[in-house]
Amino acid sequence: MDPLPELKTVVGNLKEVYQPIFGHDEFGNEASRKCEDRLRHIMGVHHALVRQLGRPIRVLDLGCAQGWFGFHLAQAGAQVLGVDYLQDNINVCHMLLLENRQLAIRFQADEIEKIVGTLGDDQFDLVLGLSVFHHLCLHNGKEATRDIVTRIMQKIPTGIFEMALATEQPGFAAAQPEHSDYLIAPQPFYRIIAHHETHLNSTRPLYYCSRVFWYLGGEMGAFDAHADNGRGRRYFFGDTSMAKLYDVTGDYGAINRYAITQAAQFLQSPPVGYEWSPKLVQSGGDENTAWLVQEKIKGVRLSDVITNGGDYDARDILRGVLQQLAQLEKTGLYHADLRVWNIIMGENNFPYLIDYNEISTAKRDCVWPDDIFLAFFLFVNEVVTRRVFDTEPSRPPFISPYNMPQPYRAWLEQTWAKPVSEWHFAFLLATLDAPVVPVADSANALWMQSIEQNIDTLNVTVRSMGALVMRLHDVVRAKKP
């Protein structure tokens, strides 16, 4: 039986031919939305996910309309379930199934709110929600819709969502979230992968999001941990790689794009003789984000080791760090943010220097005390005393060697006694293991010891008073009716 007459009938029953009719160009002029532009990005995610999983993927298409995307995904090898609340849309899909029996695709009429409760673990790999959630915001509210999306993503690891904007039609604008990422912001990884024009004279963002896979530059990678430093910088850690995703649209946009660019340039072409940097996997960016994927240095931050009372050899750490600083110095480069949290203690206990975007020809630290060597002396103080200094409101001025224990005091005094113009990391490295003879205290040494000890006492007092004020404030606020 030729289903074409019946197909014309069910298509004619539609209130809106929202999508092209799969396999039937004769209906093309009736479609409200062009879909080829979005399909290109959806298929990119499909292909990357197939490579990542090593098998055909399972797709849930929410608000599938006439099933155009689902049929194309099934044609590419996916197993697809399309869901739409309009029975007329599902009737079209079922009619098209008669012509495409070889495809692993099925459809059902249902509401998204109801089908969410039926989702099982490991049932689908990818969910599509293309310009559908603004309808749920209108009927259920944006908070309830965000909860629905969160519940979906708890069951399905990856999603592609096109979001309507609050600046569009007055009829539903008031019900929409102010920011287009509101519904998916609880997910660890999300980013805009494209913008597309609609039939409503608007442009909507297309988001990729996931709780387990980053997707950058057309490639995908798994992560099992993530971090967000609050400046539009997000980090995703897997077994062998880590990805950095930086926002370049906000207050830190220009700084973030520069940071990714600098780090990528360094990792792509490390200076001659510098053997401690990880391999660059890829880097890139668009109008919204900049990213970098690199080989992961396995280990823990030195700051965490210190805070948790871990055991380490201070001299070994200083030796390893100085090897890296001296090699950079040899090629005219300096690290502007040498901190205990920018040192990864590798599995072999070697202290790997990270934060590569801070490496440049500028011979100065990124904050006070500005001088690259004075900043290093502060770092040494933290490593030797096993104490992470509070950086607010600024770093403490514990720069001189005179309050450090031996033999580190005597070691640094050799550099301290030289003209500043002769200070070099190579000299500090060469003298670290050399026999040193302690020098008797001078008037300057005695004075500096006293000043730094007094500042330390004042800092402790100020922090204690600040904590007390905060506690009193909480008590007063709690007693207010």
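Biologist: Which residues lie nearest the centre of the second largest pocket?

Modeller: The model is a predicted one. In it, about 850 Å³ of space lies in the second largest pocket. Its lining is made of 34 residues. Those nearest the centre are Asp84, Tyr85, Leu86, Ser131 and His135.

Biologist: Which element gives the most to the lining of the second largest pocket?

Modeller: At least two lining residues come from each of β2 (79-84), α4 (87-97), α5 (112-116) and α6 (133-140). The lining as a whole divides into 14 nonpolar, 10 polar and 10 charged residues. The element that gives the most, with 4 residues, is α6.

Biologist: How many residues of the lining of the largest pocket are charged?

Modeller: The largest pocket has a volume of about 1,000 Å³. It is lined by 39 residues, and Tyr235, Arg301, Trp341, Asn342 and Asp355 lie nearest its centre. Elements that give two or more residues to this lining include β11 (233-237), α9 (253-268) and β15 (299-301). The lining divides into 18 nonpolar residues, 7 polar ones and, for the charged class, 14.

Biologist: Why is one side of β15 and of β18 left without a neighbour in the sheet?

Modeller: The strands β15, β17 and β18 form an open sheet in the order β15-β17-β18, with antiparallel pairing. β15 and β18 (351-353) stand at the edges, so one side of each has no neighbour in the sheet. What each of them has is a single partner strand.

Biologist: Which residue in β18 is the bridge partner of Ile343?

Modeller: Strand β17 covers residues 343-346 and pairs with β18 in the antiparallel sense over 3 bridges. Helix α11 (residues 314-330) lies across both β17 and β18, at about 30 degrees to β18. The bridge partner of Ile343 in β18 is Leu353.

Biologist: Which strands are the edge strands of the sheet of 5 strands?

Modeller: This open sheet has the order β10-β11-β12-β14-β13, with antiparallel pairing. An edge strand here pairs on one side only. The edge strands are β10 and β13 (280-285).

Biologist: At what angle does α9 run to β14?

Modeller: Helix α9 also gives two or more residues to the lining of the largest pocket. α9 lies across β11, β12, β13 and β14. Its angle to β14 is about 30 degrees.

How values were computed: Residues are numbered from 1 along each chain as its sequence is written. This is a predicted model: local features need pLDDT of at least 70, side-chain atom pairs count only at pLDDT 80 or more; totals for chains, interfaces and linings use all residues. Side-chain values use heavy atoms; hydrogens and water are left out. On a 1 Å grid over the protein atoms alone, a cavity is a set of points where a 1.4 Å probe fits but cannot get out, and a pocket is an open set with protein on both sides within 12 Å along at least five of seven lines; lining residues have an atom within 4 Å of a point. Grid points are joined across faces, edges and corners, and a volume is the space filled by probe spheres set on the points. Ala, Val, Leu, Ile, Met, Phe, Trp, Tyr, Cys and Pro count as nonpolar, Asp, Glu, Lys and Arg as charged, and the others, Gly among them, as polar. Two strands pair if DSSP finds at least two bridges between them. Contact means heavy atoms within 4.5 Å. Axes are lines fitted to C-alpha atoms, for helices over the stretch in contact, and angles run from 0 to 180 degrees between N-to-C directions.
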